[in-house]
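User: I would like to go through the labels given to this model and see what each one rests on. Please set the values against the definitions.

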Amino acid sequence: MTYCLGIKVKEGLVAIADTRITAGTNTTVKKKMYITQKDNYSLFIMTSGLRSVRDKAVHYFEELLNDGVVYNKLYKAVNAFGEQIKKVAEEDRASLEKAGFKFNLNTIVGGQLKDDEDHKLFLLYSEGNWVELDEGSPYVIIGNSGQGKAILNRVLNEESTMKQALKAGFLSFDSTRVSNNDVEFPIDVVLYKKNSFQIVEHRYEKKDMEIISEAWADKLKQALDDIPEEWMDKSFDKIPEVADKVSAEK
């Protein structure tokens, strides 16, 4: 499994991808983020699924770009990457399934190309079809998503700043990490500000974020202590006093 998160707010895009690859009992660190950018052309791709499928599809897509193919809108680039996934499926699906592997590759694509009015975020499925995220759904997770959704659902909306989005995104990753041994540091963070046509990337190691993880854990414990308890009295008052019960039995 993996953890890849894309967030779209009015200010721009925030993306987080873990780097852990698990194969049986072996774990390695490999980049799950692909970035390409030039003048008026910025996009990133994150994937969850079979590594062999991911690498082949990315190589095919990169070859198109190197051969001079230019896309003026992001959805066209997403269509093109979807076609590469279909091509890999035609070539490898049968042999993978024969070996006991399910053909699987989910993809998050984000960025902004020359004729896009604003930044875009897409979820692309293994079958090559896609959905675009809009104001009603400011984020998408692929891979291990269960534990990381709660905080995002509570605090994120289109008006959130990119810094708020990154904070919430990290806490979402951290909640997933402590619950799953196949999601782990380092994490790659990508930031894209609307109309900048400039993606920035940074890698965070575990030691870089330990103080944030500890501060969040402390705040959660304090928040739990601060929640009023009077509402529980109706339940706890039903529990008989142990001393009274012992006395009655004597």
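**Grounds for the labels**

Analyst: Asn-195 is placed in the loop between β11 and β12 (199-204), where strands are DSSP runs of E with at least two residues, and helices are runs of H or I with at least four, numbered from the N terminus. This is a predicted model, in which local features need pLDDT of at least 70 and side-chain atom pairs count only at pLDDT 80 or more, while totals for chains, interfaces and linings use all residues. Residues are numbered from 1 along each chain as its sequence is written, and side-chain values use heavy atoms, with hydrogens and water left out.

User: Why is Asn-195 called partly exposed?

Analyst: Buried means under 20% relative accessible area and exposed means over 50%, with partly exposed in between (1.4 Å probe, protein chains only). Asn-195 has 44%, so it is partly exposed.

User: Is Phe-197 buried or exposed, and how do you know?

Analyst: The relative accessible area of Phe-197 is 17%, so this residue is buried. Phe-197 also lies in the loop between β11 and β12, and its phi is positive as well, near 50°.

User: What makes the peptide bond from Phe-185 to Pro-186 stand out?

Analyst: Most peptide bonds are trans. The one from Phe-185 to Pro-186 is cis, with omega near -5°. Pro-186 is found in the loop between α4 (162-177) and β11 (187-193).

User: How do you know that β5 and β6 pair?

Analyst: Two strands pair if DSSP finds at least two bridges between them. Between β5 (residues 33-38) and β6 (residues 41-49) there are six, and the strands run antiparallel. Ile-35 stands opposite Phe-44 of β6. The hairpin has two residues between its strands, and Asn-40 there takes a positive phi near 55°.

User: How does the radius of gyration of the protein chain compare with that of a compact globule?

Analyst: The radius is taken over C-alpha atoms, and the globule rule is 2.2 Å times the number of residues to the power 0.38. For 250 residues a compact globule would have a value near 18 Å, whereas the protein chain has 23 Å. The C-alpha trace spans about 90 × 45 × 35 Å along its principal axes.

User: What share of the residues is buried?

Analyst: Of the 250 residues in the protein chain, 42% are buried.
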